[in-house]
Amino acid sequence: MTSRTLHFVTGKGGVGKSTVAAALAMGLAAGGRRVLAIELGEAAGLCRILATRPMAPGAIAPVLATPGLAVAYFDGAAALAEYLTRRMHLGRLGRAVLAHPLYRAFVAAAPGVRELLAMGKIRDELVLQRLGDGPRWDAVVVDAGASGHALEHLRMPAATAAAFAGGRVHGEAEVNAALLRDPGTTAIHVVATPEDMPLAEAAEVIARLRTHGLPLGAVPD
């Protein structure tokens with residue numbers, strides 16, 4: 001399990017997802033890996049457990065929690081903002097776009113934009129960010145939130161790739177989808193407590209993950 005480098009943790013609300021994600025991240029860091037723990041959406045359970053906060057409201061830059069372990073939180077609006085300013089080199093124009101009310105309205109209303117950009121940012125941290133000749137992080141652990149929230153993020157790259165026949169959007173989405181489908185890299189861990197509703201929801205999530213061809217982590221076959 002821990003030979004893989006990208007881990008997602010999800011399950012029904014209140015079952016201890018953030019605790020499991022934090023424990024996994026700390027365990028990997030204790031083994032000598034450089035680990036980035038990511039919370040999707042607002043800074044909440046994972047940041048609280050690891051006693052960190054973002055450097056500023058809306059900031060997505062990682063913050064060091066303990067030696068070898070940094071924490072960040074990603075949402076689609078912040079990921080798109082970084083993409084426009086850093087990857088597209090828009091400079092002052094990019095900042096003007098981000099400050100415009102229409103930008104905020106677009107990100108809030110467009111279906112799937114937040115999820116797609118957040119997943120792209122995770123790939124950016126795992127694959128594209130460099131430290132010398134190698135990757136910046138040896139492993140990334142994502143507290144993906146409750147089941148429905150996590151499934152929307154995990155299915156969005158493949159859904160977007162299927163919706164666009166070609167072009168840059170298709171290419172970027174397909175690369176992200178391939179990363180999520182790779183069982184040598186990715187593991188999705190579904191957490192449940194020994195109660196009827198959490199177990200039923202976990203079984204449904206596992207079935208949906210298998211339908212989408214996404215690799216499971218520490219669950220029985």
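Let's start in helix α7 (residues 147-163), where Arg155 and Glu152 sit three residues apart, so about one helical turn separates them. Helices here are DSSP runs of H or I with at least four residues, strands are runs of E with at least two, and both are numbered from the N terminus. The side chains of Arg155 and Glu152 meet in a salt bridge, 3.0 Å from N to O. A salt bridge means a side-chain nitrogen of Lys or Arg within 4 Å of a carboxyl oxygen of Asp or Glu. Arg155 is partly exposed at 28% relative accessibility, and Glu152 is partly exposed at 29%. As for the cut-offs, buried is under 20% relative accessible area, exposed is over 50%, and partly exposed falls in between (1.4 Å probe, protein chains only).

A word on where all this comes from: this is a predicted model, in which local features need pLDDT of at least 70 and side-chain atom pairs count only at pLDDT 80 or more, while totals for chains, interfaces and linings use all residues. Residues are numbered from 1 along each chain as its sequence is written, and side-chain values use heavy atoms, with hydrogens and water left out.

How many salt bridges does a search of the whole structure find? The count is seven. Side chains of opposite charge can pair when their charged atoms come close. Lys121, Asp124, Glu125 and Arg136 are linked in a network of such bridges. Within it, Lys121 and Glu125 meet at 3.0 Å, N to O; both lie in helix α6, four residues apart, about one turn of the helix. Lys121 counts as buried at 5% relative accessibility, and Glu125 is buried too, with 2%. Glu125 also meets Arg136 in a salt bridge of 3.7 Å, N to O. Since Glu125 lies in helix α6 and Arg136 in the loop between β6 (134-135) and β7, the pair ties together parts that are 11 residues apart in sequence. Arg136 itself is partly exposed, with a relative accessible area of 29%.

Stay in helix α6 (residues 113-128) for a moment, as Arg123 is found there as well. Arg123 is buried yet has no salt bridge; the nearest side chain of opposite charge, Glu172, is 4.2 Å away. For charges, Lys and Arg count as positive and Asp and Glu as negative, while His and the chain ends are not counted. Leaving aside residues up to four places away in sequence, Arg123 touches Leu128, Glu172, Val175, Asn176 and Leu179, where contact means heavy atoms within 4.5 Å.

Now for the sheet. Six strands form an open sheet in the order β3-β4-β2-β7-β1-β8, with mixed pairing. The edge strands are β3 and β8 (186-191), each pairing on one side only. Two strands pair if DSSP finds at least two bridges between them. From one strand to the next, the twist averages 25°.

Which residues of β1 are buried? Six of the six are, so the strand is largely enclosed by the rest of the structure. In a regular strand the side chains alternate between the two faces of the sheet. Both faces of β1 are covered: Leu6, Phe8 and Thr10 are buried on one side, and His7, Val9 and Gly11 on the other. β1 runs parallel to β7, joined by five bridges, with Val9 opposite Asp143. β1 also pairs with β8 in the parallel sense over six bridges, and there Thr10 stands opposite Val190.

Helix α1 (residues 17-30) lies across β1 (6-11), β2, β4 (69-74), β7 and β8, running at about 175° to β7. Helix α9 (residues 196-211) touches β1 and β8, and its direction makes about 160° with that of β8. These angles run from 0 to 180 degrees between N-to-C directions, with axes as lines fitted to C-alpha atoms, for helices over the stretch in contact.

Finally, the inside. In soluble globular proteins, nonpolar side chains tend to be buried together. The largest nonpolar core has 29 residues, and those with the most contacts inside it are Leu6, Phe8, Ile122, Val140, Val142 and Leu209. Apart from it lies another core, of 18 residues, among them Val15, Leu24, Leu69 and Val71. Such a core is a set of buried Ala, Val, Leu, Ile, Met, Phe, Trp, Tyr and Cys residues joined through side-chain atoms within 4.5 Å.
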